[in-house]
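Grab a pencil and keep the model open beside you.

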Amino acid sequence: MQDFTTMLKELGHRLIATIQAVLVSVALFAGEPVPTQVVPLSVMPSVECPAHLSIGIAYDLDNPASYLYPEWSNQYVHQYRDVVFPDSLVIMMKEACMPTDSTRITDKYGYRPRRARVHYGLDIKVLTGDTIRAAFDGKVRISRYERRGYGHYLVIRHPNGLETLYAHLSKKIVKENQIVRAGEPIGLGGNTGRSTGSHLHFETRILGKPINPAFMFNFPDQCAETDVYVYRKSDDKEVYYKVKSGDTLTRIAARNETTVSSICKLNGISRNAVLRVGQTLRVN
Ligand SMILES: [Zn+2]
């Protein structure tokens with residue numbers, strides 16, 4: 001009896017793996033351009049699956065990606081601590097819509113030496129009043145105003161596990177806990193918060209961890225950068241640095257293209273911490 005159950009389970013897993021493989025191949029080889037304005041089909045076709053074999057990744061817009069996120073909160077952009085990252089996450093870009101039809105990137109993702117800070121999103125030139133659209137189907141988690149930061153901003157959680165953030169809007173036209181479809185207008189471009197000149201600051205995050213939106217969205221060409229974006233935990237390498245004589249946190253941060261506050265957070269130390277030569281610090 002035990003053997004039979006094990007065999008059934010094994011068969012079930014193989015079936016799910018096959019369905020996933022077929023979905024990925026279809027996406028890879030369909031070859032048609034990604035629509036930029038319209039709503040494409042929904043994520044996972046519902047597959048009748050015995051409860052004990054369910055991998056829990058149902059397309060549930062009421063509780064998007066509840067298999068990944070420990071909670072639903074309208075409070076904080078990135079409040080996840082002690083979360084378990086999935087080994088991999090597949091983002092099907094056929095389900096995506098470009099958030100704006102603007103093709104002009106004004107600031108890239110990543111470390112900015114001039115300001116010694118990390119830019120966790122892409123800046124795209126938009127005019128005040130330009131339509132901003134939801135990147136995927138999802139549910140609005142945050143709709144807030146932050147005077148010194150994001151200005152009027154929205155965070156949407158998507159069933160695929162991604163969260164997208166849209167900042168510096170002049171107007172938000174969706175409310176918290178509202179379900180939106182890919183391509184649906186969610187706000188208007190603007191210049192609110194810490195912003196000089198109207199633009200859209202666009203972030204893509206998984207469990208709060210920022211991912212370069214350019215891996216998925218190609219704004220200059222107005223298309224998906226890839227048919228299927230695969231996030232892999234193994235690609236996120238931890239990086240360590242051995243303190244040398246004369247090092248300061250500022251110098252270590254600059255040398256490793258990161259910030260003092262990021263190093264402090266990673267190592268649980270304060271900005272005034274005394275460094276010892278030979279001490280190992282995590283820098284990424
Ligand atoms: Zn920005």
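**Exercise 1. Find the residue of β12 that is the bridge partner of I132, then work out the sheet around it.**

Step 1: Look across from I132, and in β12 you meet its bridge partner, G187. Helices and strands here are DSSP runs, numbered from the N terminus: a helix is H or I over at least four residues, a strand is E over at least two. Before going further, note that this is a predicted model, where local features need pLDDT of at least 70 and side-chain atom pairs count only at pLDDT 80 or more, while totals for chains, interfaces and linings use all residues. Residues are numbered from 1 along each chain as its sequence is written.

Step 2: β6 and β12 run antiparallel and are joined by three bridges. Two strands count as paired if DSSP finds at least two bridges between them.

Step 3: Now try the other neighbour. β10 pairs with β12 over two bridges, in the antiparallel sense, and K171 stands opposite L188 in β12.

Step 4: You get an open sheet of three strands in the order β6-β12-β10, with antiparallel pairing. β6 (131-133) and β10 (171-172) each have a single partner strand, so one side of each is left without a neighbour in the sheet.

**Exercise 2. Trace which strands pair with β5.**

Step 1: Start with β2 (residues 105-107), which pairs with β5 (residues 122-125) in the antiparallel sense over two bridges. Within that pairing, I105 has I124 of β5 as its bridge partner.

Step 2: Move on to β13. Its pairing with β5 is antiparallel too, over four bridges, and K125 stands opposite H199 in β13.

**Exercise 3. Sort G193, I206, H168 and N177: is each one buried, partly exposed or exposed?**

Step 1: G193 sits in the loop between β12 (185-188) and β13 (199-206). It counts as partly exposed because it has 18 C-beta neighbours inside 10 Å. Its contacts (C-beta atoms within 7 Å), leaving out residues up to four places away in sequence, include R147, G149 and H168. Y145 is 48 residues from G193 in sequence, yet their C-alpha atoms are 8.0 Å apart.

Step 2: I206 lies in β13. It has 22 C-beta neighbours inside 10 Å, so I206 counts as buried. Beyond four places in sequence, I206 is in contact with L89, G161, L162, I211 and Y231.

Step 3: H168 belongs to β9 and has 28 C-beta neighbours inside 10 Å, so it counts as buried. N177 is in the loop between β10 and β11 (179-180), and is exposed because 12 other C-beta atoms lie within 10 Å.

Step 4: One more thing to spot: H168 is not a glycine, but it has a positive phi of about 70°. N177, not a glycine either, also has a positive phi of about 70°.

**Exercise 4. Decide where confidence is lowest and where it is highest.**

Step 1: The chain's mean is 82, with 78% of residues at 70 or more.

Step 2: Compare the elements. Helix α1 (residues 2-29) is lowest, at a mean of 55, and strand β8 (residues 151-157) is highest, at 98. Over residues 21-56 the pLDDT is below 50. Where pLDDT is low, the predicted coordinates should not be read in detail.

Terms used: pLDDT is the predictor's confidence in each residue, from 0 to 100. Two residues are in contact if their C-beta atoms, placed from the backbone, lie within 7 Å. A residue is buried if 20 or more other C-beta atoms lie within 10 Å of its own, exposed if 12 or fewer, and partly exposed in between; C-beta atoms are placed from the backbone.
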